[in-house]
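Hello,

Here is the structure you asked about. Please have a look, then read my notes below.

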Amino acid sequence: MKRKRFILLFCITLFVLSSVVVQAEVKKRTVIIDQGHGQKFVIEKEGDLQLSGLSGLFKGKGYDVKVNAGQINDAALKTADALLISGAFQSLSAEETDVVIRFIERGGKLCVMLHMPQPLTGLMGRLKVYASYVVMQEQ
């Protein structure tokens, strides 16, 4: 009788542990693409400079792709694994910069693609990353 109980408890434990592992593997990673700062190139449009192709690459790798169309805030980044800011034409506010810094500090990933650096100089300065207008040439 004790052996049957042990086998039953072992099987239940194995089942519970395996379901936890399966649930952990099923969780999709999420990338937030910022479109709330005057971006001209977005995921909804097709074309060479549009972000629909990049969005498709993320989706193909198993990411859940979401758009942030307003201010960047803690709620928007709560479930995000990565934040992509591409081609912003409007500056991030000081509050938004703080939100992005907190996101990075808790392990979030940030990708910034610049069209022009001015809208993101506050964020980039906080990260000690600087842009230049000088053309770099290699020989």
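**The sheet and what packs on it**

The model holds an open sheet of 4 strands, ordered E2-E1-E3-E4 with parallel pairing. Strands E2 (63-68) and E4 (109-113) are at the edges with a single partner strand each, so one side of each lacks a neighbour in the sheet. Neighbouring strands are turned by 20 degrees against each other on average, direction ignored. Strands (E, at least two residues) and helices (H or I, at least four) are DSSP runs, numbered from the N terminus. Two strands pair if DSSP finds at least two bridges between them.

This is a predicted model: local features need pLDDT of at least 70, side-chain atom pairs count only at pLDDT 80 or more, and totals for chains, interfaces and linings use all residues. Residues are numbered from 1 along each chain as its sequence is written, and side-chain values use heavy atoms, without hydrogens and water.

Strand E1 (residues 29-34) pairs with E2 in the parallel sense over 6 bridges. Ile32 has Lys66 in E2 as its bridge partner.

Now Asn68. Asn68 is in strand E2. Is Asn68 buried or exposed? Asn68 is buried, at a relative accessible area of 9%. Buried means under 20%, exposed over 50%, partly exposed in between (1.4 Å probe, protein chains only). Leaving aside neighbours within four places in sequence, Asn68 contacts Ile32, Ile33, Asp34, Gln35, Gly36 and Ala76. Contact means heavy atoms within 4.5 Å.

The protein chain has 5 helices and 4 strands. From the N terminus, the elements run α-β-α-β-α-β-α-β-α. Of the 139 residues, 30% are buried.

Best wishes

Methods. Axes are lines fitted to C-alpha atoms, for helices over the stretch in contact, and angles run from 0 to 180 degrees between N-to-C directions.
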